[in-house]
Amino acid sequence: MQDLKEKQNIKNRHVKSSLYWNLVILFSWLLQAVLTPPLFAQRPPGPNEVAVYEHINYVGNQEIYALEPGMRQKLVPFLPNTVDNEISSIQVGENVGVAFWTEQNFFGSGNATIQSINNLSLAPEYHDTISSLIIFPKEWKYPMGVLITGKFWFDSGGGTKTGETLGKFFPAPEKMTDRIAYYPDIGYELKNNNIDAYLRPDFMHPVFKQVYVKLCEQENFGGKSITIPGPGGSIQQHFQLSDYQFANQVSSLQVIHNYPVSVQQSAPSTKQITPVHKQMEAILPADTSDVRGQWQSNIGLTFNITQQGYNFQWTVKGSNEKGSGTVNRWSITASWQGGPRGSGSAKGQITDAYTPGLSEGPLWANAIEWDYYVGSVKIRFYRD
Ligand SMILES: [Ca+2]
Ligand SMILES: [Ca+2]
């Protein structure tokens, strides 16, 4: 009995003492809450926004990024110190998703989500490691661009090298009025070191059919190049570069979003001429020039040119001559036969072009110069 009472006393003392400490803790917490204003005014993201947070459950330092009108996607190639390598939760607005990478400039490990994540520590690879982001329209499921992977060799100590497969994402431009993203140097990690190309966004979305990637052998888009998917498009997303004899070849690339002209009409108009025939025919790849229509020349002939993609054909007014050739952005080749001047071929370049926007769409060619008859005579084509 005595024992029991003693135990009860001890228990009571324990309860009292624990109550005391709880009160002390509560009081000091209240004091702190009164004295310390919140460091950052938090707000949830709007429908077109993504918020990232320092801590789990959407607290701590916060940064908000918006997919604004006129943007294809919002590019965040590096993060401020407040959240760089600190992100522990992500809140996405109802219209957007977010892709994230562990290194700046969309490099390293990457992933995408169209849902909020309240605790990134459940995905340890991305917890407190994220250093770049892209906010994209939710229905795309991924941002627009191309992921290039390659085996990157690094020194793992003791003179041994370890290979790790790394990826870098090359996004389409942020602004909708820019159709081409130019990457004249893809970076030392992946230059001449590439295995696969993955086209994004999701191939189930119609916009996927408007995305092309031009891969070039040398920096600044020099040397041989391939375009994926080729003319005609494809629903394929994954391209093994060895299938194109292009593994470990890529040094520069372009991501092209060749969207229909009607989308472009919302862009600010320019004071320059608007080629009327443009609206009549099929859309051309944005990395070519538009040579369609009637041309005059300094040899007195009038040419009519039709074009599909990179290929064109011409007829000559009052003559049976037929010509055909290929045109890239600034370079053009042709051969012809059947007319009074016989057959021949020439290489030329576009010397004057109407540029619809800074880097947008096919160039509307106004003048072409050819080296004719093995480079001895310059022929000039020009518009009326
Ligand atoms: Ca954190
Ligand atoms: Ca990082």
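A: One term before anything else: a residue is buried if 20 or more other C-beta atoms lie within 10 Å of its own, exposed if 12 or fewer, and partly exposed in between, with C-beta atoms placed from the backbone. This is a predicted model, in which local features need pLDDT of at least 70 and side-chain atom pairs count only at pLDDT 80 or more, while totals for chains, interfaces and linings use all residues. Residues are numbered from 1 along each chain as its sequence is written, and chains are lettered from A and ligands numbered from 1 in the order in which they are written.

Q: Fine. Is N105 buried, exposed or partly exposed?
A: N105 is partly exposed, because 16 other C-beta atoms lie within 10 Å. N105 sits in the loop between β5 (96-103) and β6 (107-113). Strands here are DSSP runs (E, at least two residues), helices are runs of H or I with at least four, and both are numbered from the N terminus.

Q: What does N105 touch, apart from sequence neighbours within four places?
A: P77 and S132. Contact means that the C-beta atoms of two residues, placed from the backbone, lie within 7 Å.

Q: Back up a bit. How many helices and strands are in the chain?
A: Two helices and 24 strands. Of the 384 residues, 33% are buried. Counting contacts between residues at least 6 apart in sequence, 61% join residues at least 24 apart.

Q: Which residues touch the most other members of the largest nonpolar core?
A: V50, V98, I135 and L253, in a core of 60 residues. A nonpolar core is a set of buried Ala, Val, Leu, Ile, Met, Phe, Trp, Tyr and Cys residues joined through C-beta atoms within 7 Å.

Q: Why does that core lie between domain 2 and domain 3?
A: Because domain 2 (39-141) and domain 3 (144-259) both give residues to this core. The domain bounds come from an automatic or database domain assignment. There is also a second, separate core of 18 residues, which includes V327, W336, W364 and F381.

Q: Stay with V50. What is it in contact with?
A: Neighbours within four places aside, V50 contacts P45, Y65, I90, Q91, V92, G93, V96, V98 and I135. V92, in β4, stands opposite V50. Strand β1 (residues 49-55) pairs with β4 in the antiparallel sense over four bridges. Two strands count as paired if DSSP finds at least two bridges between them.

Q: In what order do the strands of that sheet run?
A: β2-β1-β4, an open sheet of three strands with antiparallel pairing. β2 (59-66) and β4 (89-92) are the edge strands, each pairing on one side only. The twist averages 20 degrees from one strand to the next; the axes are lines fitted to C-alpha atoms (for helices over the stretch in contact), and angles run from 0 to 180 degrees between N-to-C directions.

Q: What about the four-strand sheet, what is its order?
A: The order is β10-β15-β12-β13, again open and antiparallel. β10 (180-183) and β13 (225-228) each have a single partner strand, so one side of each is left without a neighbour in the sheet. Its twist averages 15 degrees from one strand to the next. Strand β12 (residues 211-216) pairs with β13 over four bridges, and K214 stands opposite T227 in β13.

Q: Where is V255, and what does it touch?
A: V255 lies in strand β15 (residues 252-257). Residues up to four places away aside, V255 touches G145, V146, F170, P171, A172, A181 and V213. V255 is buried, because 23 other C-beta atoms lie within 10 Å. The C-alpha atoms of V255 and G145 are 6.2 Å apart, although 110 residues separate them along the chain.

Q: New topic: which peptide bonds are cis?
A: Among them are R200 to P201, with omega near 15 degrees, and I228 to P229, with omega near -20 degrees. P201 is in the loop between β11 (196-200) and β12, and P229 is in the loop between β13 and β14 (238-240).

Q: What is phi at N57 and N85?
A: N57 has a positive phi of about 60 degrees, and phi of N85 is near 55 degrees. N57 is in the loop between β1 and β2; N85 is in the loop between β3 (74-76) and β4. N57 is exposed, because 10 other C-beta atoms lie within 10 Å. N85 also counts as exposed, with 12 C-beta neighbours inside 10 Å.
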